[in-house]
Amino acid sequence: MKIPPATSAVWLWLRRSMAVLVALAGVWLLACYSLFINPPVFDAAHVANVEADAVVVLGGASSERLPVGQELVAAGHSSILVMSTTSTPGNVDADKLCRRPAHESRVCFEPDPQTTRGEARALARLAADRGWDTLIVVTSDYHSLRAFTNLSQCSTADLVMVPSEPNHGFLEWLPRFVEESAALTASYLRPVCANRI
């Protein structure tokens, strides 16, 4: 039986479309690996020599992020640990530490809204008010590029990004890739701060 020319043209178009979609998905996954698993904002050799005004732990995943921040303070990179407090399930460890009696070595701030954009504004104000020029910022590796972008749009402080590493399987990375791709794009299309604080 002979396939009508119109039908074979449709199949050819579908095959080519699928090939293009697969290629685009491959390019996107490679870009996500470069931007979110191994982002260009890390420089381990540079971190070793940094004396910062504060070590900042961004909100969320505090069981993963907070120990990294505490290690940096213990290693003498700064005497001040700054934490975002959010009262959310993922931030229990940092929120618990922030409920302790006030201490000069510990600063807590509550971003409004409770997003990376809110953290960028709040941290920029805090740095400006306290005269902080250099900040070591701890967040999950997948979140580092977006956090750096948002913070640098709001603050004139030098930012040194230090990653914490989540224990994600492949299927857990896909939603992160989608979220971070969309949010990073939004950071460029709609900057957090029109002017640095």
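1. Let's start with Val-47, which sits in helix 2, the stretch of residues 44-48. Please keep in mind as you read that this is a predicted model. Val-47 counts as buried, because its relative accessibility is 11% and the cut-off for buried is under 20%.

2. What does Val-47 touch, once its neighbours within four places in sequence are left aside? The contacts of Val-47 are Leu-72, His-77, Val-160, Met-161 and Val-162.

3. Next, have a look at Ser-181, a residue of helix 7, which spans residues 170-189. Is Ser-181 buried or exposed? Ser-181 is buried, because its relative accessible area of 18% falls under the 20% cut-off.

4. Not counting residues up to four places away in sequence, Ser-181 touches Trp-28, Cys-32 and Phe-36. With Trp-28 there is also a polar contact, made side chain to side chain at 3.2 Å.

5. Staying with helix 7, we can turn to how it packs against helix 6. The two axes come within 9 Å, with a crossing of roughly 20°. Helix 6 and helix 7 are therefore roughly parallel to each other, since angles under 35 degrees count that way. The handedness of this crossing is left-handed.

6. Which residues meet where helix 6 packs on helix 7? From helix 6 come Leu-145, Arg-146, Thr-149, Asn-150 and Gln-153, and from helix 7 come Glu-179, Glu-180, Ala-183, Leu-184, Ser-187 and Tyr-188. Sorted by class, this contact has 4 nonpolar, 4 polar and 3 charged residues.

7. Helix 6 (residues 144-154) also packs against helix 5 (residues 116-130), with axes that come within 8 Å and cross at roughly 40°. Helix 5 and helix 6 are therefore oblique to each other, and their crossing is right-handed. On the helix 5 side, the contact is made by Thr-116, Arg-117, Glu-119, Ala-120, Arg-121, Leu-123 and Ala-124, while helix 6 supplies Arg-146, Ala-147, Asn-150, Leu-151 and Cys-154. The class count for helix 5 with helix 6 is 6 nonpolar, 2 polar and 4 charged residues.

8. One last thing to look for in helix 6: Arg-146 and Asn-150 are among the residues in contact with helix 5, and Arg-146 and Asn-150 are also among those that meet helix 7.

Conventions
Residues are numbered from 1 along each chain as its sequence is written. This is a predicted model: local features need pLDDT of at least 70, side-chain atom pairs count only at pLDDT 80 or more; totals for chains, interfaces and linings use all residues. Side-chain values use heavy atoms; hydrogens and water are left out. Axes are lines fitted to C-alpha atoms, for helices over the stretch in contact, and angles run from 0 to 180 degrees between N-to-C directions. Helices (H or I, at least four residues) and strands (E, at least two) are DSSP runs, numbered from the N terminus. Angles under 35 degrees count as roughly parallel, over 145 as roughly antiparallel, 65 to 115 as roughly perpendicular and the rest as oblique. A crossing is left-handed if the near helix is turned anticlockwise from the far one by less than a right angle, and right-handed if clockwise. Contact means heavy atoms within 4.5 Å. Ala, Val, Leu, Ile, Met, Phe, Trp, Tyr, Cys and Pro count as nonpolar, Asp, Glu, Lys and Arg as charged, and the others, Gly among them, as polar. Buried means under 20% relative accessible area, exposed over 50%, partly exposed in between (1.4 Å probe, protein chains only). A polar contact is a pair of N or O atoms within 3.5 Å; within protein, one must be able to donate a hydrogen and the other to accept it, and residues adjacent in sequence count only if both atoms are side-chain atoms.
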